Amino acid sequence: MSELKLALEVPRWTWQCYTEHLGLVLGLSSVASVQRLIVVNWTAQIPHGAALASEVVVLAARIALVVAVWRIAMRDRTLRLSAGRAFARNHWRSLLWQGAFLGAAYLAFEILAEDALSKLLPESARQTYLAILLFLKNPTVIALTFLWWIGVVRQVFRTKPARVACTASTP
């Protein structure tokens, strides 16, 4: 199996897991989406304590998402450090591909969409643009990144044969 093909197993699994558990992902991600839309768009009107408390709620929702997806992804799986070492030794090129994929996503959605594009907008539109962008990024880019990292761990440290499915019945 080529290293690129091996690396592509992770985004394929990520997308399948995302679509199979869309309600869970959207439900927990919507907490951050709504919070970002409100706090970023109306920063001056929100008391500091309320903004801080909302950040804690967002953190809790993100942790709940990671824990829930981790439990789904790792059900009936055994992860071994020795498997991870062997994977890194034998498939380090695949890990470089993973880094390139995630780096490209960061470049597109953080550097270009959030930073560069916002500078092209008039000052009066930037805050609203950022609020809407963050509203959209939470259930998509951010959630997919969490799932992707879980997929990388799942692939690297697995001791059972690889399968793409995210469901518990076909790990």
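Here are some worked exercises on the helices of this predicted model and on the spaces between them.

This is a predicted model in which local features need pLDDT of at least 70 and side-chain atom pairs count only at pLDDT 80 or more, while totals for chains, interfaces and linings use all residues. Residues are numbered from 1 along each chain as its sequence is written, and side-chain values use heavy atoms, with hydrogens and water left out.

**Exercise 1. Describe the overall make-up of the protein chain.**

Solution. Start with the secondary structure: the protein chain has 6 helices and 0 strands. Helices (H or I, at least four residues) and strands (E, at least two) are DSSP runs, numbered from the N terminus. Next, follow the sequence, which gives the pattern α-α-α-α-α-α. Finally, look at the extent: along the principal axes, the C-alpha atoms fill a box of roughly 55 × 30 × 25 Å.

**Exercise 2. Work out how α2 packs against α3.**

Solution. Two packed helices are described by the angle between their axes and the distance between the axes. Axes here are lines fitted to C-alpha atoms, for helices over the stretch in contact, and angles run from 0 to 180 degrees between N-to-C directions.

Step one: α2 (residues 22–41) and α3 (residues 48–74) pack at about 160 degrees, and their axes are 9 Å apart. That angle makes α2 roughly antiparallel to α3 (under 35 degrees counts as roughly parallel, over 145 as roughly antiparallel, 65 to 115 as roughly perpendicular and the rest as oblique).

Step two: α2 passes α3 in a left-handed crossing. A crossing is left-handed if the near helix is turned anticlockwise from the far one by less than a right angle, and right-handed if clockwise.

Step three: find the contacts (heavy atoms within 4.5 Å). On the α2 side they include Leu 24, Leu 28, Ala 32 and Val 39, and on the α3 side Ala 61, Leu 65, Val 69 and Ile 72 are among them. The residues of this contact divide into 15 nonpolar, 3 polar and 3 charged. Ala, Val, Leu, Ile, Met, Phe, Trp, Tyr, Cys and Pro count as nonpolar, Asp, Glu, Lys and Arg as charged, and the others, Gly among them, as polar.

**Exercise 3. Now describe how α6 meets α1 and α3.**

Solution. Take α1 to begin with: α1 and α6 pack at about 130 degrees with axes 8 Å apart, which makes α1 oblique to α6. Their crossing is right-handed. Trp 13, Trp 15 and Tyr 18 of α1 are among the residues in contact, as are Leu 144, Leu 147 and Trp 148 of α6. By class, the α1 contact with α6 has 14 nonpolar, 4 polar and 2 charged residues.

Turn to α3: the axes of α3 and α6 come within 10 Å and cross at roughly 40 degrees. The two helices are therefore oblique to each other, and their crossing is right-handed. The contact includes Arg 62, Leu 65 and Trp 70 of α3, along with Asn 138, Ile 142 and Phe 146 of α6. It has 12 nonpolar, 1 polar and 2 charged residues.
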